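Work through these exercises with the model open beside you. Try each task before reading its solution.

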Amino acid sequence: MAINRRKFLSSILAVVVAKYGIKKPSLVRQTYAIPLLHKKKLPKNKNNFGLSQTKSSPWAG
Amino acid sequence: MTTLVKCELCPRYCVLENGQKGECRIRVNIDGKLYAVTYGYPCSIHIDPVEKKPLYHFLPGTPILSLATVGCNLHCKNCQNWEISQAEPYQYETEFIAPEKITALAIQYKSHSIAYTYTEPLAYYEYTYECCKISAGKGLKNVLVTAGYINEEPYKRLLPFVHSANIDLKGFSEEFYRTVCDGSLKPVLKTLELTKNAGVELEVTNLVIPTLNDKDEDLQQLSAWIAKNLGKDTPLHFSQFYPRYKMTHLFPTPLETLLKARQIAQNEGLQFVYIGNIIHRESSNTYCPFCKILLIERYGYNILQNNISNGKCPKCNKEIYGIWQ
């Protein structure tokens, strides 16, 4: 009887996982992210809004 | 054990290992949770004329508070704002500005509307959402200037707080989106339809890039799709390309190409077709699609005359698409 190549490789992998404790990482699905609030230094060059700014580009947008 | 996070905000569906950031650079897996690292930290904030967005059918001649954080989920080789859209969050030193403060700034500077623009407001989604929700509650109007690369569910959640949008339709082939923008066309078309169907005042911009998306058939197909799926009253802006970022080897779009694009779109029945990023007076004016009289005369971002009365043409009394007051 021909050896089922896929089954054979799976069984080898199962032995390796069992012996060395390799685990599949868990996967979390997230659409919305949590705001990460962190302190930052105030910039040296401030505009009216108190921000360091890139210039508004001359192009539309 | 490692926890991978799959970000389902946009069609990229980035799967992130601990400490890894998404393609947008601003959504990060920290210990198995997805964080928005630029929330509350705009890198740019200005008062612009609303015509700069470009919006030609939304409160003409008014100032609009415009802001952005760094980051974008597309990587267009021609990006005009690549210094911030393709930046890492740590490259810009910023100060925390809470969404309530954004609303207060708009009111303080006598801006009746707020634009989430410059980079990609749908990448800094949570900040956009909170700002929109709070400012709408205070009677302000919200504007998205976006590439529209987002999944349906989060976009539908945001739309009730949005009054107007200018969405980039960057080209009309999957190949263009794949090779130039590192994205895909289909989700953008879906976003355009969702926006129009939600009753948001929608304008579309197409940046015409020489040799890449300026063929007659490209322009014709794009215009025909808009006319059929969004309506002939949808304003369309053909913008002039300037050599920027990874496309400094191309020349700026010739005026003739933009005028040709405008003619093609008008032939497809579109009623309001403009050209932008270039001064050309006749093609930046708004004319009544019914009786053809001049409604709004513009010069650059300035309004020279606005004859629209209560959202209608003063001569034939037909309603003109837009938000006028």
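**Exercise 1: The cavities**

By class, eight nonpolar, two polar and three charged residues form the lining of the second largest cavity. Ala, Val, Leu, Ile, Met, Phe, Trp, Tyr, Cys and Pro count as nonpolar, Asp, Glu, Lys and Arg as charged, and the others, Gly among them, as polar. The model is predicted: local features need pLDDT of at least 70, side-chain atom pairs count only at pLDDT 80 or more, and totals for chains, interfaces and linings use all residues. Residues are numbered from 1 along each chain as its sequence is written, chains are lettered from A and ligands numbered from 1 in the order in which they are written, and side-chain values use heavy atoms, without hydrogens and water.

Task: find the volume of the second largest cavity and the residues closest to its centre.

Solution. 
- Step 1. The volume is about 90 Å³. A cavity is a set of points on a 1 Å grid over the protein atoms alone where a 1.4 Å probe fits but cannot get out; lining residues have an atom within 4 Å of a point. Points are joined across faces, edges and corners, and a volume is the space filled by probe spheres set on them.
- Step 2. Of the 13 lining residues, B:Cys7, B:Cys10, B:Cys14, B:Cys24 and B:Arg27 are the closest to the centre.

Task: describe the largest cavity and its lining.

Solution. 
- Step 1. The structure holds three cavities of 30 Å³ or more. The largest has about 510 Å³.
- Step 2. Its lining has 30 residues; B:Cys79, B:Gln80, B:Tyr118, B:Asp168 and B:Lys170 lie nearest the centre.
- Step 3. Strand 8 (141-146), strand 9 (164-168), helix 5 (174-181) and strand 10 (201-208) of chain B each give two or more residues to this lining. Helices (H or I, at least four residues) and strands (E, at least two) are DSSP runs, numbered from the N terminus.
- Step 4. The classes are 13 nonpolar, 13 polar and four charged.

**Exercise 2: Two residues**

Task: is A:Tyr20 buried or exposed?

Solution. 
- Step 1. Locate A:Tyr20: helix 1 (residues 5-20) of chain A.
- Step 2. A:Tyr20 counts as exposed because its relative accessibility is 59%. The classes are buried under 20%, exposed over 50%, partly exposed in between (1.4 Å probe, protein chains only).

Solution.

Note on methods. 1 Å grid on protein atoms, 1.4 Å probe; cavity = no way out; pocket = protein on both sides within 12 Å on 5 of 7 lines; lining within 4 Å.
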